[in-house]
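Subject: Structure handover

Hello,

Here is the structure for your files. My notes on what was found in it follow below.

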Amino acid sequence: MTQISDIENDPSSVLPVSALNLADLRRLLVDRGLQIELIDAGQPIPGSYWGEPEAGLIGASLYLRGDTPVHSALHEAGHFLCMDSARREHLHRDAGGSDTEENAVCYLQCLLASQLPGYSQQRCFADMDSWGYNFRLGSTRAWFEDDSDDAQAWLRARSLLPGRTGQRGQGMVPER
């Protein structure tokens, strides 16, 4: 049986939600208007855009299985947080949005990672790289630190990121 410490010490392994205390993930997201629906092992994940084990999103429900990567849960949560109420009302699987919004979602998932006990921003960077996220500077960390101005500006314009342009990673994602 794989232990959490084994997963954390193996950067090629992507941390699954089963390695976390689900109550911590619920606390992080419920105050932001998102409910978690846990799906039994082997069952299809409703609303999954890329297919299993990726998280699914329907309305204000985030669907996860134990093998869903934490970074996927945070990414779909980021999509939900970046949407206005009109888009949320019709949300089923495809979050839509522009390329800049997608970058903002990636930035937001990295910020959320730092607020989730048992996970971290560094682990999120490694998991995203391992999963195949592709950024112009070659890694998620390099993008986050040196090439995410468009994402930060998009988030600030919607009051999802406090501070001025140039304050990378400052502040916390507000509760909704």
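**The largest pocket**

Helix α3 gives the lining of the largest pocket its largest share, five residues. This is a predicted model, in which local features need pLDDT of at least 70 and side-chain atom pairs count only at pLDDT 80 or more, while totals for chains, interfaces and linings use all residues. Residues are numbered from 1 along each chain as its sequence is written, and side-chain values use heavy atoms, with hydrogens and water left out.

A pocket here is an open set of points on a 1 Å grid over the protein atoms alone, where a 1.4 Å probe fits, with protein on both sides within 12 Å along at least five of seven lines; lining residues have an atom within 4 Å of a point. The largest one holds about 340 Å³ of space, a volume being the space filled by probe spheres set on the points, which are joined across faces, edges and corners. Its lining has 19 residues, and Tyr49, Trp50, His75, His79 and Glu102 lie nearest the centre. Both α3 (70–82) and α5 (99–113) supply at least two lining residues each.

**Fold**

The protein chain has eight helices and three strands (DSSP runs, H or I of at least four residues for helices and E of at least two for strands, numbered from the N terminus). Their order from the N terminus is α-α-β-β-β-α-α-α-α-α-α. Of the 176 residues in the chain, 48% are buried (under 20% relative accessible area, 1.4 Å probe, protein chains only).

**Aromatic rings**

There are seven aromatic pairs in the structure (rings of Phe, Tyr and Trp, the last by its six-membered ring, with centres within 6.5 Å; planes under 30 degrees apart are stacked, over 60 edge-to-face, the rest tilted). Tyr107 and Phe144 make a stacked pair, 4.3 Å centre to centre with 15° between the planes. Tyr107 is in α5 and Phe144 in α7 (residues 140–146), so this pair links distant parts of the chain, 37 residues apart. Phe144 also pairs with Phe125, tilted, at 5.3 Å centre to centre and 50° between the planes. Phe125 belongs to α6 (residues 121–131) and Phe144 to α7, so the pair ties together parts 19 residues apart in sequence. Phe125 and Phe144 are both buried. Ring pairs join Tyr107, Phe125, Tyr133, Phe135, Trp143 and Phe144 into a cluster.

Regards

Key. Buried means under 20% relative accessible area, exposed over 50%, partly exposed in between (1.4 Å probe, protein chains only).
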